[in-house]
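Open the structure in your viewer and keep the selection tool ready. Each stop below tells you what to select and what to look for.

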Amino acid sequence: MIPTIEQLTKTYRIIAHIQQAKVGKPGKNAIENVLRGTTLLCEAAGVPLESKVSVLSRKVIDNALATFISRNLSRVSAWSYVTQFKSLFAKWCLPYYKEAGWHIPRLEFPSFRAQAPRYQRPSDELLAKVKNWYQSQTSEYWFAATMMLEFAMRNGDVLRLKDSNFIEKEDGHYLLYTPHKTELSSGRRVYWPIHPDIWQKFDDYGRLTALDVTKETFKEINHDLRELGFRGSKASYELRKICIDHIYQKFGAEMAVSISGDTIKTISYYYAD
C-alpha cells in the first residue's frame, strides 16, 4: 500500500522520536523542520496532504519551487523545503515504513548544489576600521582575533587549540593543527610560522592556560564587527577571509591553501578577481 503524505508525516514524527532515543538524532527542531517543510512544499504544489505520496513527482516539486520563487523566496530558502521533505525518506526511516506494510515509491528529486557567492573584498575604509579595532583588543579577544586574522582559523578550531598545537623549533615557533572541516576528508594539516611579536604577546599573556576563549568571546567579536559594518551571523569569519584574501593576493593560491586548509579549487573560486 502506498501511504498518503499525511500518514507519512504522522508516522515520521513517531519514528523520529524513537530514532532520537536510540542514537540522539534527529533533534527536536530538525523533526519539526521536516514536517513544516513538507507541509509548505505540498501547499506550494497544490497537493492535499490526503494525497498518495506518489503524486509528488519531479514535475510537481518543480512547480512548488516555481511558486516559492514567485513569492520572492530566495533560491536557497526554496530548496531548503525540498531538502526537508526528502528527509522523510532517509535510510533509517525505510525499515519502519516497511513494518507498517507501506510501499514507498522511488521519488525523483531535482538536483541542486548551493554555492556561496565569491568573496567581496572590504573597502579600504572598512579594512582601516578593522585594523584599528584589532589593535585595541586585549587578552582572549586579541588571541581569538589573531588566530583568525593572522592564521585564517575558524572559530571552532580556535576553541579546540591545545598547547601541543604550538611547536617550538630552533628557528622559531609554528602553529600546527588539522582543521575540523578536513579531518574526515582530506586530513589536510596547517603548518604556519608564528611571527616573533605575536608569540611574545601570546607568551606574555600566559599562553592558553591564561586565555579564556569561549563561544561568548566570538559572540562579542561578531557584535563588534557588525558594528564596524560587516553583516551576517558569522561576522567574525570576515577576519579569516581577510587573511586568506591577503595571502592569496600577495603570495598566490598555493600559499593561501597552506594557511587556510581549503582546496586550491575552493581558494581559486572564492578569492580570484
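A residue is called buried when its relative accessible area is under 20%, exposed when over 50%, and partly exposed in between (1.4 Å probe, protein chains only). Keep these cut-offs in mind on the tour. This is a predicted model, in which local features need pLDDT of at least 70 and side-chain atom pairs count only at pLDDT 80 or more, while totals for chains, interfaces and linings use all residues. Residues are numbered from 1 along each chain as its sequence is written, and side-chain values use heavy atoms, with hydrogens and water left out.

**Stop 1: Thr-217**

Select Thr-217. Is it buried or exposed? Thr-217 counts as buried, because its relative accessibility is 3%. Thr-217 sits in helix α12, residues 215-228. Helices here are DSSP runs (H or I, at least four residues), strands are runs of E (at least two), and both are numbered from the N terminus. Now show the contacts, meaning heavy atoms within 4.5 Å. Leaving aside neighbours within four places in sequence, Thr-217 touches Glu-140, Tyr-141, Ala-144 and Asp-212.

**Stop 2: α13 and α14**

Two packed helices are described by the angle between their axes and the distance between the axes. Axes are lines fitted to C-alpha atoms, for helices over the stretch in contact, and angles run from 0 to 180 degrees between N-to-C directions. Select α13 (residues 237-251) and α14 (residues 253-260). Their axes lie 7 Å apart, at an angle of about 150°. Therefore α13 and α14 are roughly antiparallel to each other. The cut-offs are under 35 degrees for roughly parallel, over 145 for roughly antiparallel, 65 to 115 for roughly perpendicular, and oblique for the rest.

Next, colour the contact residues. From α13, pick Arg-240, Cys-243, Ile-244, Ile-247, Tyr-248 and Phe-251. They meet Ala-253, Met-255, Ala-256, Ile-259 and Ser-260 in α14. By class, the contact of α13 with α14 has 9 nonpolar, 1 polar and 1 charged residues. Ala, Val, Leu, Ile, Met, Phe, Trp, Tyr, Cys and Pro count as nonpolar, Asp, Glu, Lys and Arg as charged, and the others, Gly among them, as polar.

**Stop 3: α2 and α4**

Go to α2 (residues 28-45) and α4 (residues 75-86). At what angle do they cross? It is roughly 115°, and the axes come within 7 Å. On the α2 side, select Asn-33, Val-34, Arg-36, Gly-37, Thr-38, Leu-40 and Leu-41. On the α4 side, select Tyr-81, Val-82, Gln-84 and Phe-85. The contact of α2 with α4 divides into 6 nonpolar, 4 polar and 1 charged.

**Stop 4: two cysteines**

Select Cys-42 and find the closest cysteine sulfur. That sulfur is in Cys-93, 16 Å away, too far for a bond. A disulfide is a pair of cysteine sulfur atoms within 2.5 Å. By this rule the count is 0 disulfides. Cys-42 is buried at 1% relative accessibility, and Cys-93 is buried at 0%.

**Stop 5**

Most residues other than glycine have a negative phi, and most peptide bonds are trans. Select Lys-25 and Pro-26: a cis peptide bond joins them, with omega about 5°. Pro-26 is in the loop between α1 (5-23) and α2.

Move to Ala-152, which has a positive phi of about 60°. Ala-152 is in the loop between α7 (139-149) and α8 (155-159), and counts as buried at 0% relative accessibility.

Finish at Arg-207, in helix α11 (residues 207-210). Phi of Arg-207 is positive, near 60°. At 33% relative accessibility, Arg-207 counts as partly exposed.
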